[in-house]
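Subject: Structure handover

Hello,

Here is the structure I promised to pass on to you. Please have a look at it first, and then read on for what turned up in it.

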Amino acid sequence: MHVYAQSSEPSLQQAVERASRPYVKFTGQSRVEGDENVVRVWFSPTCRYSYEYHNFFENLARSVPPATGMTVEFSPVLNFDMKKGARDGAVWAMAYATVRRFYPAYVSNFIKASFVIAQEHNRSPLLIKNVADTLTAARLDSKEVLKKMLDNKAVLINDLNNYAILMKRYQITSAPRVTVAGMYEVNPEYVDGDPKRFELAINALISMVSGR
């Protein structure tokens, strides 16, 4: 997979292609507005690879130098359509959005608990009881969070709509994916699952986009 040229930023594009080819894909559209300084990690609680790479993603979030001006954000890959084999569902996504907005200090806990419940205990995030247990495992009061979710339904649906818009702009259809600066995507498939090359490709992008 090659990085595709974009005439508005030829020097950056050439540098990225030299350093990262063939491990990076250009989004194919104009830069995603609002994500210029974001390294966005797309994940799913039922995705085995999302779980396998999560420690790397968390380390990435801790290790991106403040001087780069880049921040790392975790975003769920939304899959609600049961006819297309949805595995996570709207309840889990709403719970994530609730934690993200109202309990940000517990986001990491909730993501880890989601992986454990879904993959180690083989319990579906489609069921509200399992989502409640995920909240409890994340050291949250599940009744309080679920009430907060119901009381703020309109706001949280808007949050999910924003994720859906970003997914469409980036053409995200599966997890895990890492998008950088609203322009580039890296996923483990591009590096044959090699964590070292995966890390090098992402870090090369962060260094170059922040050094413009």
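This is a predicted model: local features need pLDDT of at least 70, side-chain atom pairs count only at pLDDT 80 or more; totals for chains, interfaces and linings use all residues.

The residues in question are Pro45, Trp92, Ser114, Ile117, Ala118, Pro125 and Thr134. Helix α5 (residues 107-120) supplies three residues, the largest share of this lining. The volume of this cavity is about 30 Å³, and the structure holds one cavity of 30 Å³ or more.

The largest pocket has a volume of about 270 Å³. Its lining takes in 15 residues, with Leu78, Asn79, Lys84, Gly85 and Thr173 lying nearest the centre. By class, six of the lining residues are nonpolar, six are polar and three are charged.

Next, helix α3, which spans residues 54-63. Which of its residues are buried? They are His54, Phe56, Phe57, Glu58 and Leu60. For the pattern, recall that an α-helix has 3.6 residues a turn, so residues three or four places apart point the same way.

Cys47 sits in the loop between β2 and α2. Is Cys47 buried or exposed? Cys47 counts as buried because its relative accessibility is 12%, and the cut-off for buried is under 20%. Neighbours within four places in sequence aside, Cys47 is in contact with Phe115, Gln119, Ala175 and Pro176. Cys47 and Ser174 are 127 residues apart along the chain, yet their C-alpha atoms are separated by 8.7 Å.

Glu185 belongs to strand β5 (residues 184-186). With a relative accessible area of 4%, Glu185 is buried too. What does the side chain of Glu185 make a polar contact with? The partner is the side chain of Arg177, at 3.0 Å.

Best wishes

Definitions and conventions. Residues are numbered from 1 along each chain as its sequence is written. Side-chain values use heavy atoms; hydrogens and water are left out. On a 1 Å grid over the protein atoms alone, a cavity is a set of points where a 1.4 Å probe fits but cannot get out, and a pocket is an open set with protein on both sides within 12 Å along at least five of seven lines; lining residues have an atom within 4 Å of a point. Grid points are joined across faces, edges and corners, and a volume is the space filled by probe spheres set on the points. Helices (H or I, at least four residues) and strands (E, at least two) are DSSP runs, numbered from the N terminus. Ala, Val, Leu, Ile, Met, Phe, Trp, Tyr, Cys and Pro count as nonpolar, Asp, Glu, Lys and Arg as charged, and the others, Gly among them, as polar. Buried means under 20% relative accessible area, exposed over 50%, partly exposed in between (1.4 Å probe, protein chains only). A polar contact is a pair of N or O atoms within 3.5 Å; within protein, one must be able to donate a hydrogen and the other to accept it, and residues adjacent in sequence count only if both atoms are side-chain atoms. Contact means heavy atoms within 4.5 Å.
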